[in-house]
Amino acid sequence: MKNTWTARIAITITLIIIAATTTSTYNRVEAQTGTNTINITTTLWRSTAGTPVYPGSINTALRIEAKHVGTTTIQSCTATITPPEGVNPSYNHGYTTPARTANGTTAATIQPGETIYFEWRLDVDRSVKPGNHTAKITINYRGNGQPKTEEYNVTLTVNPYPKPEITVLEAKLTPSNHPDTLNTNIQVTLRNDGETTITGGTAKIQPPTPQISPKEATTTIPNTPIGATTTITFNGIDISSQTQPGTYQAKLTLNITMQTRDGVTYNENTTTTITLKIDEATMEMKQAIKPVAAQWGTTQPTPTYQQSRYTPLQITLMNVWGKDAQGIIVEANSPWLNPIKPVDTYPSRITTGGTFTATLYYDIKPEAPQTITVNVKTTYWLDMGGGTMTRTSSTNTITINIEGKPRSGGISIVAVQWQNNLNVYPNTENATLQITIANNNPYNIRGIQLKLKPPSGIKEAETYINGPIQPYTSTTANLKTSIANIQPGKYKAQLEVDYMMETGGPGTRIRETHEIELQIISDREAIEVISIEWPEGSCQPATYGATLQITVRVNTIDEMKGPTMMILLPQGFTNPKDNKSRTVIATPTQPQPKITLETLTQEELAKIIQQTQQATAQQTYTRGDIITFQTKINVQVNRTGTYTANTTITYIDSWGTRRSINKTIEIPVLGGVRSINVEVEGRLIMGRQTTLNLTVTCNGTAPAYNVYIDMTPTQANPILVASPSKIYIEKLEPNKPLKIPVKFTYNPQATQTPMGATTIINYGVTTMNMKITYRDPTGNQHTYQHLTAIAIQPYIDLVIRDVKAEEYGGRTRISGTIINYGSATAYRVKAKYMQSETYIGDIEPGGEAAFRIEAASTSQGEATIEITYQNAFNEKETVKVNATITRIQETPPQQQEQPTTGTWTTTIIIAATITFLAAATTMIYKMYKAYTGKMRGNGNGEMDNNHRRTENGI
C-alpha cells in the first residue's frame, strides 16, 4: 500500500496522461472534389462526469472542433460518425450531427476562417476493451452550390477501470486483546484513497496463528465514498490461553464493488496485511477477585484443632474490579492441611462489589501450628462487554488460626419435643418423640444409640444414629412410643446415650445418661362449642326435617381428620330418616348462609338448603379452625324451651389414632313464625278516600319482631294508593289479629292495558303487593311477598223522575223515567209494582229509560214502585219510590163522525210524519250511543258488550 502523498501524486500523473491521450489524432482524407475545405483541429471524448471513458460508460460526449480553411462560404455542413465496434449513439441521438457555431447554434453558413464543432452522444458497451479505437468521420456540405464530402479518421481511447487504493488506518482487537479470551472482535478502519467509490463488498481475514480463531472470518464492507473512512468488524474471535503477548500479522482480502464517477460499476479484489497486538492481562484484572474473610465452619465459626478431620474452610471473596465476573473456581492449599475437597466453584455472575463464599474441606495435620498460611488461587471469567469474556486468575495468601489441644465436652440435649410440635393426649399410639443432641467434643462421634426409659404408662423406645456428627454440630433423632390412658401432665424420663468418639485409632466409647421431660395434655378442652342455631330460621314445636347447625372451634388438636358428631337427642326429638330413633349423625359442611325469602319459591328455598348441606366441607382441620356440623331432626315437642342433648365427636388425630370427645349441648326451641297473613276488611265504593281495616295475623308459636309491611300497587297507574304505604309493628303476638286502619285514595284516572290497548278502569278488583319483612325470635330476618285483592264496588245512582200513577177503568197505570247519575252501568233493570213487572234493560252512566206498569186497582192511595238492577259483580240492588195514585172518572164515549172527503190523504200525511220522526229519533239515539261509547269505551268508539243497553220498546 502507498502512503497518502504517493497516492495523490500517482493520481495527478494518471489524469495528465489520460488528458493527453484523449486528444485524438486524425488522418485527413482528400475530398471528392480534390479540395480540402474543413480542417479538424481538436477531438475531446469525456464521460458525463467529465472523466475518461470506461467500458460501460453511457451518454459520453464526443466533441470534434474544425476550422473552415477554404476561400468560399459553405452551407448545410453535417458530420456522420462511423464508430468502432461496441460504441453506439446514445438513446435519442444519431450518427449524424450538424455543424455548430461557438455559441452552440446550428451553423447555416460557414465563412472562411470560421471555427465550428460537431458533437455526438455515445454509449460504450462493457465488452469494449480498454485501448485506442478508430472512428470514421464523414463531413458533408455544399460549396459553390455543389455537394462535397470529406472523410477523416479519429482515435478514441477507452480507459481501464481505476484500481482500488485502500489504506489501513487502524486494526485492533476489542474489547479485549488478552490471552484466554472468548468472543472478542477485530476492528479494521479503512480509507478509500482511490478514484472511485466503494459501493460494497466483503472482507475476509486469515488469522496469523491458529491460536487466534474467528468464528466468522468474513464480514461486509459498507458504501465508502472517495476519501471517506469505514470500519469493518470480524466477530467471534477467540484468543487461546496459549497465545503469547506480542504483535501478529493477519492477511486481509477485500472483494469489493466499485463505481466510477459516471456510474459504471465493476468488481475488484485486493489484499493487504494488518497488524494485531496481544497484551497481557492487567494487574487490575488479575486482582479482580480477592478473599476478604475466612473461617473454619460453614454457617458459624467452628473451633478447629490439630488432627480435626473433614473440617470445612469457608472463604468469602469479593469482586473488586469494575466488571462482572462469573465461572469462578477457587482452589486453596497449605503445607499444614491434607486436602479432602480443596476446590469449589461458583458458576453465578458476581457484580462489582458482590461477594460469594467457597467451602473447602481439609484434615488438619497433627503438627500444624496455631496460625497457618493458606494460598488461595482464584480463576474466573471477566465480562469485558458485548459478550466478550476474558479468563484470568489471581493468587492470594490468607492466614487462619487453629485451636490448641482439644478437651472432651460430651453430649448435650438441645431440645425435646413431639414431632412437629404436635400435642400428645392419653391413649395415643405411635407418637414420635424428637430429641436434638449436640456434639460438644472436639472430635467426630459416630455409632450413637439412644434409649428412652420413661415412667409407667409410656412405652420404652430406642433409635440408632450412624453418624458421624462433627464437633460442635447437632443432629435430631426420632423415637416412636405409645401413651396409655394416663393422667395428663409432665413426666420425667431417662435418656441413655452410648456413642464412639473418633480420637484416633479405634476411638473412645462414651456412655451418658440425661433426664428429659415429656408433656401429655388433656383433650377435654380440645374442642369448644361456639354456637347452636337453626340456619333456616327460629324453630318451633311440631317441625319436621329442621336443620340443626352446631359450630365448634378446634383449640389444641394439631390435625383433625374426618370428624363426625353423634347426637343423642332428648325426648321429643327424632331422626327424620325413620321418625323414631333419637340418634343422628352430623357431618361437617360449609356454613349455611342466611336466606332471604323475598323472591324465592318453596322449591327454590329447598334446593338452596340441599345444595348447601351437600357442599364439600374441609376434611382436615387444625388449631383455630371452625367446624360446622349439620343434621336434620324432627322437633316433636309441644312447647318451647331449651333441651339438653349429649354429643360425641370422633376423629382421627395427627398420629393416626381414632379419638372421641363428649360434649353436652343445649338445643333451643324458641318457637317461630309460620306465616303472617294480611287481609283488607270492608267494602270500598268508588269515592275520593275510604278507610279500611288491615288485619295482620302472626301464625306460629312465637312473636314476630320488627315487622314491616310495604303496600305498593301492582299497576303503573294504580286505581288505589294506600296511606300510609309502609306500616311498622314492633312486636306481633302469635295468633292475635291486629287491626290497623289504612286510608285508601281512589284514582279515577287509573288505567290498565289489556291486549295492548289502554283503558280507564273505574271499578273492579285491583291488587296490592304486600312486602312483609320481620325478624324471628333468633334475630333472623325473613322477607316475602303477599298479594292482596281489593274489590272496588261500582257507583250506580238511579233516580226515578216524572212518576205518574193513574187509576181508571179498574186498572192502575204507572209510568216514569229512570236516570243513571252514577259512573257504572246498571244491568238488567226491572220495574215492579205489586205483582206486575216490566223489564227495562241496561242503563249506562248518564243514560235514561222510560217504563210503564199496569196492574189491577186497589183501595190504596199510594203506590210503591221497586226498581231492581245488578251491578258488575252480579249483585242485586233495589231502589224504591212512592207515588200518589190519581183516580180519573170515566166519560162515556161519543159518537164519532165518519171521515169526510180527504180522510185518506190526511192519513197518508200523518203516517209519513210518524215514520220520519221515528227514523230521526233512531239516528239521534245511535249518535248519542256512539258518543258515550267513545267517551267511556275501550278507546276505539265501540262499547263493551257487557255495557250495551237493552231496550224495552220505549
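Which side chain makes a polar contact with the side chain of Thr101? Select Thr101 and look for Asn103: the two side chains make a polar contact at 2.3 Å. (A polar contact is a pair of N or O atoms within 3.5 Å; within protein, one must be able to donate a hydrogen and the other to accept it, and residues adjacent in sequence count only if both atoms are side-chain atoms.)

Before moving on, a note on what you're looking at: this is a predicted model, where local features need pLDDT of at least 70 and side-chain atom pairs count only at pLDDT 80 or more, while totals for chains, interfaces and linings use all residues. Residues are numbered from 1 along each chain as its sequence is written, and side-chain values use heavy atoms, with hydrogens and water left out.

**Stop 1: around Thr101**

Stay on Thr101, in the loop between strand S6 (96-98) and strand S7 (109-110). Helices (H or I, at least four residues) and strands (E, at least two) are DSSP runs, numbered from the N terminus. Thr101 is buried, with a relative accessible area of 14%; buried means under 20%, exposed over 50%, and partly exposed in between (1.4 Å probe, protein chains only). Leaving out residues up to four places away in sequence, Thr101 touches Ala107, Glu114 and Tyr117, where contact means heavy atoms within 4.5 Å.

**Stop 2: zoom out**

Now show the whole protein chain as a cartoon. You'll find four helices and 60 strands. Of its 954 residues, 42% are buried. Among contacts with a separation of 6 or more, 68% link residues 24 or more positions apart.

**Stop 3: a sheet of four**

Select strands S2, S3, S8 and S5. In that order they form an open sheet with antiparallel pairing; two strands pair if DSSP finds at least two bridges between them. Strand S2 (38-46) and strand S5 (87-89) are the edges, each pairing on one side only. On average, neighbouring strands here are turned by 35° against each other, direction ignored. (The axes are lines fitted to C-alpha atoms, for helices over the stretch in contact, and angles run from 0 to 180 degrees between N-to-C directions.) Inside the sheet, S3 (residues 60-68) and S8 (residues 115-124) pair over eight bridges. To see one of the pairings, pick Lys67, whose bridge partner in S8 is Thr115.

**Stop 4: a hairpin**

Next, select residues 131-143 (S9) and 146-158 (S10), two antiparallel strands joined by 13 bridges. His133 has Leu156 of S10 as its bridge partner. Two residues sit between the strands of this hairpin, and Asn144 in the turn has a positive phi of about 55°.

**Stop 5: Arg309**

Buried or exposed: what is Arg309? Arg309 is exposed, with a relative accessible area of 55%, and lies in the loop between strand S19 (289-296) and strand S20 (311-319). Show Asp363 too: it is 54 residues away along the chain, yet the two C-alpha atoms are separated by 4.3 Å.

**Stop 6: a nonpolar core**

Color the nonpolar residues and head for Ile557, Met560 and Phe573. Of the 33 residues in the largest nonpolar core, these three touch the most other members. (A nonpolar core is a set of buried Ala, Val, Leu, Ile, Met, Phe, Trp, Tyr and Cys residues joined through side-chain atoms within 4.5 Å.) Strand S35 (543-554) is one of the elements that give two or more residues to this core, and S35 supplies the largest share, five residues. A second, separate core has 31 residues, including Val424, Ile448, Ile486 and Met501.

**Stop 7: Asn575**

Select Asn575, in the loop between strand S37 (573-574) and strand S38 (583-588). Asn575 is buried, with a relative accessible area of 12%. Its side chain reaches the backbone oxygen of Thr583 at 3.0 Å.

**Last stop: a sheet of seven**

Finally, pick out the open sheet that runs S57-S56-S59-S60-S54-S55-S58, with mixed pairing. Its edge strands are S57 (836-843) and S58 (848-856), and the twist averages 20° from one strand to the next. S56 (residues 826-833) and S57 pair in the antiparallel sense over six bridges. End on Tyr833, which stands opposite Ser836 in S57.
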